[in-house]
Amino acid sequence: MLPAAVVVVAVLVLGALFLLGTRLPGILSAAPSPTPVETPTLTPTPTPTPTSTTGRQLAGTYDWSDLRGGECINPFVSAWQQKFTVVDCAGPHGAQVMSTGSLSDDPTAAYPGQDAIAQQLNLLCQIPANFNSAILGAYPDVVWQADYPVNQAQWAAGMRSYSCFVSRSSSLPLTGDFAPAAFGG
């Protein structure tokens, strides 16, 4: 009974930390806020589809759009970096890409809005199958962040992908592999 309660509390804490993590990049970064756009007509939120992967990227530096899921990142500033350095998960690292996917494959789909996407990713980034829960207990300050299209212009340009990251609120390094077995974890 006690382990189940611990898991429930951990999931609730992770949810709260994810929400905080999605707000921190905008609060702490010097980057300008996204340009306000008209509220789109209410349409059903597109169903996300996983991006097909052929495995993690090897050690090296990659554009954000080339991450496949499972990669360990160091250094890690935020999920909004343009380039990421992939490192071996056995050593200390700042973050790990837990999952990637597409928010819509329909080129005519209306932009659902930043809030709708953030709500969707709050669930998608915390799916238990997307992480190795055995290592989670070693890090009580785990936070989730995601990158995704933040405005109508990005959506219209075909940017529909998202990536979910795990890091620590203390900014201390992670050691070990949070990724599920599908990514080699």
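Biologist: Which residue does a disulfide join to Cys-125?
Modeller: The model is predicted, so local features need pLDDT of at least 70 and side-chain atom pairs count only at pLDDT 80 or more, while totals for chains, interfaces and linings use all residues. Residues are numbered from 1 along each chain as its sequence is written, and side-chain values use heavy atoms, leaving out hydrogens and water. A disulfide is a pair of cysteine sulfur atoms within 2.5 Å. With S to S at 1.9 Å, the partner of Cys-125 is Cys-164.

Biologist: Is the link of Cys-125 and Cys-164 left-handed or right-handed?
Modeller: Look at the angle about the S-S bond, which is -75 degrees. The link of Cys-125 and Cys-164 is therefore left-handed.

Biologist: How many residues apart in sequence are the parts that Cys-125 and Cys-164 tie together?
Modeller: Elements are DSSP runs numbered from the N terminus: helices (H or I) of at least four residues, strands (E) of at least two. Cys-125 sits in the loop between helix H2 (114-124) and helix H3 (133-136), and Cys-164 in strand E7 (residues 161-168). So the parts tied together are apart in sequence by 39 residues.

Biologist: Is Cys-164 buried or exposed?
Modeller: With a 1.4 Å probe and protein chains only, buried means under 20% relative accessible area, exposed over 50%, and partly exposed in between. Cys-125 has 1% and is buried. Cys-164 has a relative accessible area of 0%, so Cys-164 is buried.

Biologist: How far apart are the sulfur atoms of Cys-72 and Cys-89?
Modeller: The link of Cys-72 and Cys-89 is right-handed, with 105 degrees about the S-S bond. Cys-72 is in strand E3 (residues 72-73), and Cys-89 is in the loop between strand E4 (83-87) and strand E5 (95-102), 17 residues apart. Both Cys-72 and Cys-89 are buried. Their sulfur atoms are separated by 1.8 Å.

Biologist: What is the pairing of the bonded cysteines in sequence order?
Modeller: The disulfide count is 2. Numbered in sequence order, the bonded cysteines pair as 1-2, 3-4.

Biologist: Are Tyr-139 and Phe-178 an aromatic pair that is tilted, or one that is stacked?
Modeller: Rings of Phe, Tyr and Trp (its six-membered ring) pair if their centres lie within 6.5 Å; planes under 30 degrees apart are stacked, over 60 edge-to-face, the rest tilted. The count is 5 aromatic pairs. Tyr-139 and Phe-178 lie 5.6 Å centre to centre, with 40 degrees between the planes: tilted.

Biologist: Which residues touch the most other members of the largest nonpolar core?
Modeller: A nonpolar core is a set of buried Ala, Val, Leu, Ile, Met, Phe, Trp, Tyr and Cys residues joined through side-chain atoms within 4.5 Å. The largest has 24 residues. H2 gives its largest share, 4 residues. The members touching the most others are Leu-121, Tyr-148 and Phe-178.

Biologist: Which side chain makes a polar contact of 2.5 Å with that of Asp-141?
Modeller: A polar contact is a pair of N or O atoms within 3.5 Å; within protein, one must be able to donate a hydrogen and the other to accept it, and residues adjacent in sequence count only if both atoms are side-chain atoms. Asp-141 is in the loop between H3 and E6 and counts as buried at 12% relative accessibility. Its side chain makes a polar contact of 2.8 Å with the side chain of Arg-168. The 2.5 Å contact joins Asp-141 to the side chain of Ser-170.
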